[in-house]
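Dear colleague,

Please keep the sequence and the 3D view open while you read.

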Amino acid sequence: MDALFREKRQKIDDFDFGKNTAEVFDDMLDRSVPFYAEVQRMIGEMAADFAVPGTNLYDLGCSTCTTFLQIDKLLPPDVTFIGVDSSAPMLDKARAKLAQAGFTRQHDLVCSDLNENMSVTNASVVILNLTLQFVRPLKRTPVMREIAKGVREGGCLLLVEKVLSPNSTANRLFIKYYYEFKKRQGYSELEIAQKREALENVLIPYHADENRQLMLDSGFSACDVFFRWYNFCGFIAIK
Ligand SMILES: C[S@@+](CC[C@H](N)C(=O)[O-])C[C@H]1O[C@@H](n2cnc3c(N)ncnc32)[C@H](O)[C@@H]1O
């Protein structure tokens, strides 16, 4: 169970995706991301309609491979899954979960930092679920261009991000409603406040419009919103 921020800390270090986080990560996401299971289901539903036999499906920031396990049964067998994450402990967890589930599909798990190294080829589907927000803003354009270059005509990008609202009142309220959600999920005010501080320099959200423009400017021809809950937004971009 995620109790990473339960005890009072003297000093709040930047949030990281190391071993301690990986240990409790699935519980953290279930309890911290509104409609996490439904968004995973929607990603699977859309991926199934865009995946093409003989191509690759990428999950950039795949963490513990919850998404691969969710969509495996929906896709044809000759689609190769490629998961990328900069956290070795996350990928260790992912390997253990895939093994336990008896996952047999052809796949590759790559430990790589999207800020430094980025390659997408022959992709019919690319998933970025709550990961672009952790990529340095200056690197987001090259990352998005590389994704768009590696997606085949008619393929898609499924992007889910925390977003800022351009309106300061809406922004303040959306954040308040999000913290109310976290309280309903069993997190204390101290846990919420300490995690917020830890994420401050690490999770840098864009406005929904900035994300949309980034995808269109990088080579996708259409972009739509498939999910919105206050400051969480899911986009589908088609090449
Ligand atoms: C919020 S989690 C993603 C959740 C996951 N996509 C899911 O659906 O369960 C963000 C992930 O991105 C990874 N990450 C953060 N920055 C990264 C970077 N620069 N390059 C690669 N992976 C990164 C983290 O290690 C973490 O596993």
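In which strand is Leu 158 found? Leu 158 is found in strand β5, which covers residues 151-164; here helices (H or I, at least four residues) and strands (E, at least two) are DSSP runs, numbered from the N terminus. Please bear in mind that this is a predicted model, in which local features need pLDDT of at least 70 and side-chain atom pairs count only at pLDDT 80 or more, whereas totals for chains, interfaces and linings use all residues. Residues are numbered from 1 along each chain as its sequence is written.

Is Leu 158 buried or exposed? Leu 158 is buried, because 24 other C-beta atoms lie within 10 Å (buried means 20 or more such atoms within 10 Å, exposed 12 or fewer, and partly exposed in between, with C-beta atoms placed from the backbone). Leaving aside neighbours within four places in sequence, Leu 158 is in contact with Ile 43, Met 46, Ala 47, Val 125, Ile 127 and Ile 236, where contact means that the C-beta atoms, placed from the backbone, lie within 7 Å.

Next come two pairs of helices. Two packed helices are described by the angle between their axes and the distance between the axes. Helix α5 (residues 137-150) packs against helix α8 (residues 208-218) at an angle of about 50°, and their axes are 8 Å apart; the axes are lines fitted to C-alpha atoms over the stretch in contact, and angles run from 0 to 180 degrees between N-to-C directions. This angle makes α5 oblique to α8 (under 35 degrees counts as roughly parallel, over 145 as roughly antiparallel, 65 to 115 as roughly perpendicular, and the rest as oblique). From α5, Arg 140, Thr 141, Met 144, Arg 145 and Ala 148 meet Leu 214, Met 215 and Ser 218 of α8.

Helix α1 (residues 19-32) and helix α4 (residues 88-100) pack at an angle of about 40°, with axes 8 Å apart, which makes α1 oblique to α4. Their contact is made by Lys 19, Ala 22 and Phe 25 of α1 together with Pro 89, Met 90 and Lys 93 of α4.

Finally, 19 residues surround the ligand, and the closest are Phe 17, Gly 61, Ser 86, Ser 87 and Leu 114; a residue belongs here if its C-beta atom, placed from the backbone, lies within 6 Å of the molecule.

Conventions. Contact = placed C-beta atoms within 7 Å.
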